[in-house]
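Dear colleague,

I am passing on a structure for you to look through, and my notes on it follow below. Please keep it open beside this message while you read.

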Amino acid sequence: MSELTPITPPTPTEQAKAAERSAKTRQLLGMKGASPGETAVWKLRLQLMKPITWIPLIWGVVCGAASSGEYTWTLENVLKAAACMLLAGPLLAGYTQTMNEYYDRDIDAINEPYRPIPSGAIPLPQVVTQILVLLIAGIALAFTLDVWSGHEFPSLTILALFGSFIAYIYSAPPLKLKQNGWLGTYALGSSYIALPWCTGHALFGELNWKIVILTVIYSFAGLGIAIVNDFKSVEGDRQFGLKSLPVMFGVTTAAWICVVMIDLFQAVIAGYLVFIHENLYAAILLLLVIPQITFQDMYFLRDPLKNDVKYQASAQPFLVLGMLVVGLALGHAGV
Ligand SMILES: C/C(=C\COP(=O)(O)OP(=O)(O)O)CCC[C@H](C)CCC[C@H](C)CCCC(C)C
């Protein structure tokens, strides 16, 4: 029998080192609670692009490829899908986030002074160059994908231009949609569900109005998810006059609006799947909603301010899995 090694608790130095490592990772991914003092330019540029936010867009492309019903595992399709993920994630989400950091630099100087722009680590002209390079590279890649797929109508280029425009009016004055609770939150939710989904679908199949309308409806569940993100900054938003839903309606009512949106619109989509006789997929989607309701009851509704992150981490995987189920169902039904 092997000898049992006693487990020794980490020393304060080890704990401090682990905390520092975690802060550095958070910093690179663009998460809150990062450590200041980064000087490597590529790391600063990556921080501006907030890699953590690329994931839902990349996932949206996967769901769209599934709903096209035409994705097959050939080398060409894998390369096309990878290029489309590069478009949605690093290039266009990167462009969106860098631009958001640029226009939020004053508010970040108070809320997150360690970010690359307010800390003065990266000069403004370099940030503007980064925004333009990402935007131009994104549009060029979308056009390349249109040509590669033999599209007569450049649907990917149009989607990329449209998304880039929405991203601009979301962050930049005079519209600054993010200041408007409903519009800003829906712009965020739909850009993270409908836009990449339609892009993935258009890459492998024929994008049609049914898919556009369904994903736009599904995006109301995304609106709910976007509201969850607003609980972390209620006080700051109130001070700066940002009309997030928790500021407009109060924490409890906003939390209820949020969970009703998330659950109701997934149920609506499940109803549509029943309507097109994809009953098994509808049942799986509804089963995936149950743990989300459980986590809403266990964490989010009890204390939205304290449990927002915990709720997202526990419930989000079920929501995103449900998106793939819907994509597969639509692809199976040939919608
Ligand atoms: C900048 C965004 C979120 C940050 O919002 P906020 O400043 O309120 O939060 P923080 O305080 O935490 O920073 C995202 C905004 C998304 C935008 C409306 C549109 C995105 C467009 C897509 C990137 C386009 C994808 C098109 C493609 C797949 C062809």
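In this predicted model, helix α4 has a kink of about 30 degrees, which is centred on G94. The helix runs over residues 75-103, 29 residues in total, and it reaches 40 Å from its first C-alpha to its last, close to the 42 Å expected at 1.5 Å a residue.

Turning to charged side chains, a search of the whole structure finds six salt bridges. One of them joins K50 and E101, with 3.4 Å from N to O. Because K50 lies in the loop between α2 (41-49) and α3 (54-68) while E101 is in helix α4, this pair ties together parts that are 51 residues apart in sequence. K50 counts as buried at 15% relative accessibility, and E101 counts as buried too, at 3%.

Another salt bridge links K178 with D104, where the closest N and O atoms are 2.5 Å apart. Here K178 lies in the loop between α7 (155-171) and α8 (181-204), and D104 in the loop between α4 and α5 (105-111), so the pair ties together parts that are 74 residues apart in sequence. With 22% relative accessibility K178 counts as partly exposed, whereas D104, at 8%, counts as buried.

A further salt bridge is formed by the side chains of D297 and R302, at 3.7 Å from N to O. D297 is partly exposed, with a relative accessibility of 43%, while R302 is exposed, at 60%. Finally, salt bridges that share partners join K50, E101 and R115 into one network.

Best wishes

Note on methods: Residues numbered from 1 in each chain as written. Predicted model: local features only at pLDDT ≥ 70, side-chain atom pairs only at ≥ 80, totals over all residues. Heavy atoms only, no water. Helix = DSSP H or I, 4+ residues; strand = E, 2+ residues; numbered from the N terminus. Expected span 1.5 Å × (residues − 1). Bend = angle between axes of the 7 residues up to and from the residue. Salt bridge = Lys/Arg side-chain N within 4 Å of Asp/Glu carboxyl O. Buried < 20%, exposed > 50% of the residue type's maximum accessible area, 1.4 Å probe, protein only.
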